[in-house]
Amino acid sequence: MHHACSHMMVITRFMYFVTQQEQEKKVLADQSVVNPTQSHPSSAQLDTDSGLPVPDSLTADGELSGRPISASVNQIDVKSLQLQCTEYKALYQAAEVERDKLTELVTILQKRLTDSNDKILDIEQKFQVQRRWSVTLEQQLGKAKLDIGKSHDVNKLTNKNKTS
């Protein structure tokens, strides 16, 4: 039951993330269409080697913008990749929960199989004991029939000898 609750929580979180990310994608797409060169101070372009800000560049009109046009496109790509990363993390968490749940079910099924096999062995042993007991009883019955038959034949012979 605990795994089912945590599974539902992960799915709920995942759906929340996906909804949130779709809204952010729409906002980013709207912003890039309205003003693709608009400066975003919180998302300044950084040099990957030094980590320092990349110098501002001129727009097509020769005016100084907050960042290069390609940086704006790259920033949108980075945001998109970050959203995908978040989606994949949520999917990974859901898959982990599902894997744990399936592992638990496999463990339960393996225990049931072991228990069933133990019961089968026990029942087969009892069956063999009963079969041996049945053979013994059949042998005793056969001997008893022979003894009754012999005593009946002896009685006939004694009765014949007495009458003759």
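Colleague: Is Asp100 buried, partly exposed or exposed?
Modeller: This is a predicted model, in which local features need pLDDT of at least 70, side-chain atom pairs count only at pLDDT 80 or more, and totals for chains, interfaces and linings use all residues. Residues are numbered from 1 along each chain as its sequence is written, and side-chain values use heavy atoms, with hydrogens and water left out. Buried means under 20% relative accessible area, exposed over 50%, and partly exposed in between, with a 1.4 Å probe and protein chains only. Asp100 has a relative accessible area of 34%, so Asp100 is partly exposed.

Colleague: Which residue forms a salt bridge with Asp100?
Modeller: Side chains of opposite charge can pair when their charged atoms come close. A salt bridge needs a side-chain nitrogen of Lys or Arg within 4 Å of a carboxyl oxygen of Asp or Glu. For Asp100, the closest N and O atoms are 3.3 Å apart, and the partner is Arg99.

Colleague: What is the relative accessible area of Arg99?
Modeller: Arg99 is the salt-bridge partner of Asp100. Arg99 counts as partly exposed, at 47%.

Colleague: How many salt bridges are found in the whole structure?
Modeller: One of them joins Lys111 and Asp115, with the closest N and O atoms 3.3 Å apart. Another joins Asp122 and Lys126, at 3.5 Å. A search of the whole structure gives a total of three.

Colleague: In which helix do Lys111 and Asp115 lie?
Modeller: Helices (H or I, at least four residues) and strands (E, at least two) are DSSP runs, numbered from the N terminus. Lys111 and Asp115 are four residues apart, so about one helical turn separates them in helix H2.

Colleague: Which residues make the nonpolar surface patch of about 240 Å²?
Modeller: Patches are made of residues with over 30% relative accessible area and no salt bridge; like charges are joined within 9 Å, nonpolar side chains (Val, Leu, Ile, Met, Phe, Trp, Tyr) within 5 Å. One member, at 45% relative accessible area, is Leu102, found in helix H2 (residues 69–163). The patch is made by Leu102, Leu105 and Ile108.

Colleague: What share of the 164 residues counts as buried?
Modeller: The protein chain has two helices and zero strands. The buried share of its residues is 12%.

Terms used:
Areas by Shrake-Rupley, 256 points an atom, 1.4 Å probe, with all protein chains shown as cover.
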